[in-house]
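Please read the following report alongside the sequence and the model.

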Amino acid sequence: MRYLPLTPDDRARMLGVIGAPDVDALFVDVPAAARGAAFDLPPHAGEMEVERALAALAAKNRAAGAGPFFCGAGAYRHHVPASVDHIIQRSEFLTSYTPYQPEIAQGTLQVLFEFQTQVAALTGLEVANASMYDGSTACAEAVMMAQRVTRREKAILCGGLHPHYAQVTQTIAHAEGMEIVRQPAAIDPGDTVIAAIDDQTACVVVQTPNVFGVVTDVSKIAEAAHAKGALLVVVTTEAVSCGLLKSPGEMGADIAVAEGQSIGNALNFGGPYVGLFAAREKLVRQMPGRLCGETVDAEGRRGYVLTLSTREQHIRREKATSNICTNSGLCALAFSIHLSLLGGAGLRRLALINHSRARELADAVKGAGLEVLTPRFFNEIAVRTPGPAAALVDALLADGIVAGVPFSRLDPAAGLDDVLLLAATETTTSEDIAALAAALARRSGR
Amino acid sequence: MTMNTVGRPTRPDAAAEAAAAPASLTGGRGLLQDEPLIFERGGWGKTGVDLPAPAHDAADLAGFVRDEVALPGLSEPETLRHYVRLSQKNHAIDLALYPLGSCTMKHNPRLNEKAARMAGFADLHPLQPAATVQGALELMDRLAHWLKTLTGMPAVALSPKAGAHGELCGLLCIKAAHEAAGQGQRRTVLVPTSAHGTNPATAAFVGYSVAEIAQTDDGRVDLADLAAKLGPDVAAIMVTNPNTCGLFERDIMEIARLAHEAGAYFYCDGANFNAIVGRVKPGDLGVDAMHINLHKTFSTPHGGGGPGAGPVVLSEALAPFAPAPWVVAGADGFQLAEQPAGEAAQAFGRMCAFHGQMGMFVRAYAYMLSHGADGLRQVAEDAVLNANYIKARLSGALTPAFPDGPCMHEALFDDAWLEGTGVTTLDFAKAMIDEGFHPMTMYFPLVVHGAMLIEPTETESLRELDRFCDALLALAQAAKAGDAERFKAAPVLAPMRRLDETLAARKPKLAWRPEAETG
């Protein structure tokens, strides 16, 4: 077996040193009833055979890049520079672990410090952690952090929040005893959430651009929340939008969470992704997850360590701020490399291209006779379809077009079966958009 | 001094003199470059990505637009240099043994990386129509089949994104099952004192209170204490097996029986599954739920701290409460059940957006196919053999915490043997760095004084194991010979000396700021 270095001779020698007659003697503590388990699974296989089997499975899928493609709704297809994937496959990044021994993990630690600085700059907040699993779990953690900060039990989720994020937050924060008030799905809820904020509210969770693509200035919501002693959590599922739109911090957010997949990470059928988590500095001791901080070594040289670990499970156990242990290190590295290449200027231009493509898309969809429901958008729009959006997506698949995400797939109970979510990025071409428009016009009988 | 014709020293003693030379003038250390932060090297307003001019402006977003984000950009060559220089300051499995107990730092096969990057997996959107992702769903279904078969459990929830996330998933299933049975008064989780910190943290995270179970002198769960603490308020026990002392819980079936008799569920922390994979089915032991760290047993890369993946296998009793989504195999192919409804209405909710760590599923499945049933059994046997070999070789010099009987996949030592030397477990660990090894897990489990938990994994050769043991024996001899200075100063050969963690925590500096702002 190519991954196992020991030879039969090695094993015999080692058993001799141990003083055991055979390897079974090392499993003597296993109860007799559980020994001799049989497994109906195939035997080992060579690299070529395994690669062939995996390639056969991959061939049964239609890659997003195989034709016109318009899915967004929390995951976005962007171009990732080749150098990003090269660097993250370096042994020293790929095959290292959490930097428990900082003297021999300065590479990872400096990357995390740079990542935290980049996330703070994107979100317009002072401190960011070393990443969470993804945007949705970061959202749930933000709500629970608001509970710790305010010692209140109620969270209000705005109607534009991605339904998966709302479900994850309901699942996790509710289990811990919080009351989660989820407002009905609404394409442009504006400031309507303000009326629901009371002096029991720990936080309000607002997404911008929201799941329908609507760009919102949440400043008024921030003021209203703060007036009642509540925190504002701002969610972003498309990190590239941070290059163009007012930052959560600028609009008064206390905590900002985002899905970082868009920068540096492939779609990967939903994971692994990377959750971004930032907050006001005064809240740092209630933050979940790992934090990297600057310090000096015994010779006074600058270096980095994991810090404020008295918040964490391995020290605090049941009193920890979260149970999170591993984060999303390699995805955070990919994010950080891509953002280092882009810089603020490149990110701005990338964001403008995304927005420009979406304007082109919106115009084409209108030209095909469909109503665009999103008043102000970044790179994603909601459109009204003549019949159920899911049926339209199925029909357009026959034309070779993956025509976005029916909202009903995310929230079947919302009564928005005729709403289709369409995203465009820098990878979307004018030809893709023209093909979609032509197919839409044909399918809707115009 | 012997010189060759170009004036270079040729003899080791001469080389040693050269090594003692003073530090370089610029802070560089040979191949180890002193690398500033990306924010300290210029590049403001620059970008390393060539992008076309956008066709449209953003006039329609007037009033919603920010100033350009203040971040520097690097060209591709500058980027490569920056990260390659940083990478050289990291230890890695590919460099040497990485014996972090409980972390299972095994070799990461590169075929798995290649497979995960196939466009048919990496370039798939989670919300594409099911008809376009049949291969991906089939892979998830096959992975689930392997996990269920290897554990002897009837169901698995694939979506949890890491071990602790899997624990959360398992406890949420248990909570939902109790509530459905009118047993919502069960609010306590019993956890051994030796447990990972994530166990009590997870229990508290779902609103349970935590009570500790005592440990016997031979490093196992104290059955009498467990029996005394089980009662109508107990929702579950969380027991790691093999446990964090590296020992198989001999009474595991009795533990399960006692828990079930008291109406509690048995959550098994599967962090140490590598010791028994392909040999023992947790389902045969009475487990109700167990997470499997794909980044440990099934070798998906640790990546400097994630991403992991933590699928949870479930018993019949808990399966109906598994979170959405799951894969359904039907006559027309595979579908994803994403919205709990109808028969699936008991699902407790959702763990994350989308379907879990697909990139890790591909890698883990490739690993399983490569090893097969026979290879996985060999994995467990070699992992256990390697740990026992280390235990046997070091036991003369170090003090094993539990000398009697074999260990499983990790060997645990205490610091009794360091008494009187002036050297602590921390000092010893730091001296290992100078010898070229990553230290073992230190001061965990908490039940053993000055614990040193060594997990070699099955992917170490006998030669590397011997090199490791020789190094530790030499260090042990130095410690006992009174060379405490070496240990107190260590590491001296690493990219950094010991770092001031107290300073970092007292005045947290968590992001770079321009000089003017920091004052």
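A crossing is called left-handed if the near helix is turned anticlockwise from the far one by less than a right angle, and right-handed if clockwise; helices (H or I, at least four residues) and strands (E, at least two) are DSSP runs numbered from the N terminus. This is a predicted model, in which local features need pLDDT of at least 70, side-chain atom pairs count only at pLDDT 80 or more, and totals for chains, interfaces and linings use all residues. Residues are numbered from 1 along each chain as its sequence is written, and chains are lettered from A and ligands numbered from 1 in the order in which they are written.

In chain A, α6(A) passes α7(A) in a right-handed crossing. The contact between α6(A) and α7(A) (C-beta atoms, placed from the backbone, within 7 Å) involves residues including A:Val143 of α6(A) and A:Ile172 of α7(A).

Turning to the two chains, the contact takes 171 residues from chain B and 166 residues from chain A. On the side of chain B that touches chain A, helix α10 (residues 358-394) of chain B gives the largest share, 21 residues.

In chain B, an open sheet of four strands runs in the order β10-β11-β13-β12, with antiparallel pairing, where strands pair if DSSP finds at least two bridges between them. β10 and β12 of chain B stand at the edges, each with a single partner strand, so one side of each has no neighbour in the sheet.

| Strand of chain B | Residues |
|---|---|
| β10(B) | 399-400 |
| β12(B) | 441-442 |
| β13(B) | 452-454 |

β12(B) pairs with β13(B) over two bridges in the antiparallel sense, and B:Met442 stands opposite B:Met452 in β13(B).
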